[in-house]
Amino acid sequence: MAMMATKCPGIKVTCIDINEARVAAWNSDTLPIHEPGLLPLVQEVRGKSLFFVGKDKFDEVISEADVIFVCVNTPTKKHGVGAGRAADLSFWELAARGIAKPLKDADQGKLRVVVEKSTVPVHTADAVASVVEAAGVTNVEVLSNPEFLAEGTAIADLTAPDRVLIGGRQTERGFKAIEILANIYRCWVPAERVKTTNVWSAELAKLIANGMLAQRVSSINTVAQICEMTGADVGEVSMIVGMDSRIGPKFLQPSVGFGGSCFQKDILNLIYICESKGLHEVAEYWHQVIKINDLQRARFSKTVIGSMYNTVARKKICMFGFAFKKDTGDTRETASMYVGADLLEERAQLSIYDPEVSKEQMWMDLHEAIDGKIKENKPNVDELVTYETDPYEAAKGAHAILICTEWDCFKEYDYKKMFEGMMQPAFLFDGRRILVSRKAELEGIGFRTYIIGQAQ
Ligand code: UGA
């Protein structure tokens with residue numbers, strides 16, 4: 001929305017959230033999310049063409065709006081039919097019902113365009129249209145406009161997107177609505193990159209794009225395992241494979257496992273759709289992407305424990321990075337929470353440092369991962385975990401350092417200084433391959449190193 005407000009002259013953008021604390025944060029200079037480059041963009045247009053308001057303004061803003069973007073969460077269902085797989089659309093439905101009321105009371109002569117921005121499984125636009133129409137709103141079109149930006153690079157991704165996707169009903173009014181939205185994007189995105197499709201193609205294309213990206217990560221993570229066993233180097237294999245222009249170099253970086261709010265959730269959705277249509281083999285094919293990812297996280301924990309003489313109980317282990325990737329404070333589905341739970345199950349003492357993740361967030365995530373994995377005799381997070389604000393303090397007295405997120409600052413640390421304050425033998429496990437170029441130096445210092453995708 002900040003990008004639209006900056007790039008489209010004459011457009012007024014109002015963001016509404018029911019959480020007043022978040023609205024206050026958006027109106028301050030401490031935004032509620034860490035995203036490089038976002039604050040200056042917001043500051044440029046806030047109070048001019050971009051406004052953040054609370055729910056008291058809901059009816060007024062909705063009844064005036066020409067285009068309404070719905071950007072609510074669509075997490076995986078936790079209970080009931082499709083639990084663990086299907087998307088929970090209750091926030092979406094609530095939003096649709098909320099919008100319907102002021103729209104019904106407002107001018108019905110004007111076409112209102114409701115835009116699905118949240119990633120939703122195929123058919124959702126129809127469901128939303130039926131909720132809004134059943135409430136008596138007659139002149140409304142629901143479009144699907146999935147977002148392709150990635151966290152940490154959002155501003156660059158939005159400034160020059162590979163494509164903007166707009167799906168709409170293939171009717172006269174549907175085409176009219178598509179044009180209204182496409183014209184907003186055409187303010188800064190070249191026309192040939194603004195693609196229009198039917199609603200279902202748009203919804204499915206988003207799921208498949210994420211599925212294929214996740215599939216690449218799982219594929220290269222299987223290659224990392226083969227390399228560790230054979231002595232091939234995954235960095236070299238990845239480089240050579242990626243030079244094939246049909247394959248391309250991106251998303252071939254082995255890791256401790258992909259995380260984030262999207263990949264797993266979207267693939268689970270895809271699996272659910274396949275199963276509900278009787279496509280069991282297709283569902284199983286996509287399920288493998290998730291299984292390999294689960295295995296990759298567990299394998300990292302096993303390597304740590306196995307290398308440290310099969311016991312980490314009461315050993316201090318320093319974990320660098322808790323976010324699911326660098327340049328974000330987001331921890332949803334982060335590999336760190338699962339690796340952390342594995343080590344806590346073994347009664348390791350964890351000391352965690354992440355430049356952007358709060359102590360409260362890590363505490364909640366560790367509890368969630370432990371509750372999902374351990375049913376009895378759960379480790380006591382409060383006794384076993386410390387949250388550090390200084391990386392050198394975090395490493396002091398530790399038996400091992402684990403790199404779980406690829407933050408740039410982790411590449412530059414004075415590891416010799418850390419080594420001198422550590423228990424011996426000191427181990428370093430790089431789950432992100434950010435220290436490949438310093439491996440010889442680290443081993444010269446005395447570290448016992450493990451880097452994902454390299455034989456030891
Ligand atoms: C992903 C997609 O990349 C976006 O296009 C999409 O819009 C977004 O989901 C969404 O659906 O909202 P995001 O989850 O923010 O974006 O982050 P990614 O850059 O895709 O990374 C996902 C995970 O894969 C991270 O944990 C990352 O560390 C991991 N990854 C990525 C690897 O392990 N190796 C790689 O080579 C690339």
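Student: How many residues of domain 1 are in contact with how many residues of domain 2?

Tutor: Happy to. A word on ground rules before we look: this is a predicted model, so local features need pLDDT of at least 70 and side-chain atom pairs count only at pLDDT 80 or more, while totals for chains, interfaces and linings use all residues. Residues are numbered from 1 along each chain as its sequence is written.

Now to your question: 15 residues of domain 1 are in contact with 14 residues of domain 2, where contact means that the two C-beta atoms, placed from the backbone, lie within 7 Å. The side of domain 1 that touches domain 2 has seven nonpolar, five polar and three charged residues. In this classification Ala, Val, Leu, Ile, Met, Phe, Trp, Tyr, Cys and Pro are nonpolar, Asp, Glu, Lys and Arg are charged, and the others, Gly among them, are polar. Domain 1 covers 2-206 and domain 2 covers 263-451, with bounds that come from an automatic or database domain assignment. Their centres, taken over C-alpha atoms, are 34 Å apart.

The ligand brings both domains together in one list. Its shell draws at least three residues from each of domain 1 and domain 2. In total, 20 residues surround the ligand, and the closest are Gln-253, Ser-255, Phe-258, Gly-260 and Cys-262; a residue is near a molecule if its C-beta atom, placed from the backbone, lies within 6 Å of it. By class, this shell has 11 nonpolar, six polar and three charged residues. Helix H9 gives the largest share, three residues. Helices (H or I, at least four residues) and strands (E, at least two) are DSSP runs, numbered from the N terminus.

H9 spans 199-230 and is also what the buried residues of H10 pack against. In H10 (residues 234-242) those buried residues are Val-234, Gly-235 and Ser-238. They cover an arc of only 105° around the axis, so they sit on the same side of H10; the arc is that of the directions from the helix axis to the C-beta atoms. Glu-236, Met-239 and Ile-240 are exposed on the face turned away from that buried side. Burial here is a count of other C-beta atoms within 10 Å of a residue's own, all placed from the backbone: 20 or more is buried, 12 or fewer is exposed, and in between is partly exposed.

After H6 comes Gly-136, with a positive phi near 100°.

Tyr-338 counts as buried because 28 other C-beta atoms lie within 10 Å. Leaving aside neighbours within four places in sequence, Tyr-338 is in contact with Arg-297 and Ala-369. Ala-369 is 31 residues away from Tyr-338 in sequence but 5.8 Å away in space, C-alpha to C-alpha. For contrast, Gly-372 in helix H14 (residues 359-373) is exposed, since it has 11 other C-beta atoms within 10 Å.

The loops deserve a glance too. Arg-347, between H13 and strand S9 (349-353), has a positive phi of about 70° although it is not a glycine. Asn-310, in the loop between helix H12 (280-307) and strand S8 (316-320), likewise has a positive phi, about 60°. Gln-424 and Pro-425 are joined by a cis peptide bond with omega about -5°, and Pro-425 sits between helix H18 (415-420) and strand S12 (427-430).

Stepping back, the chain has 19 helices and 13 strands, and 40% of its 456 residues count as buried.
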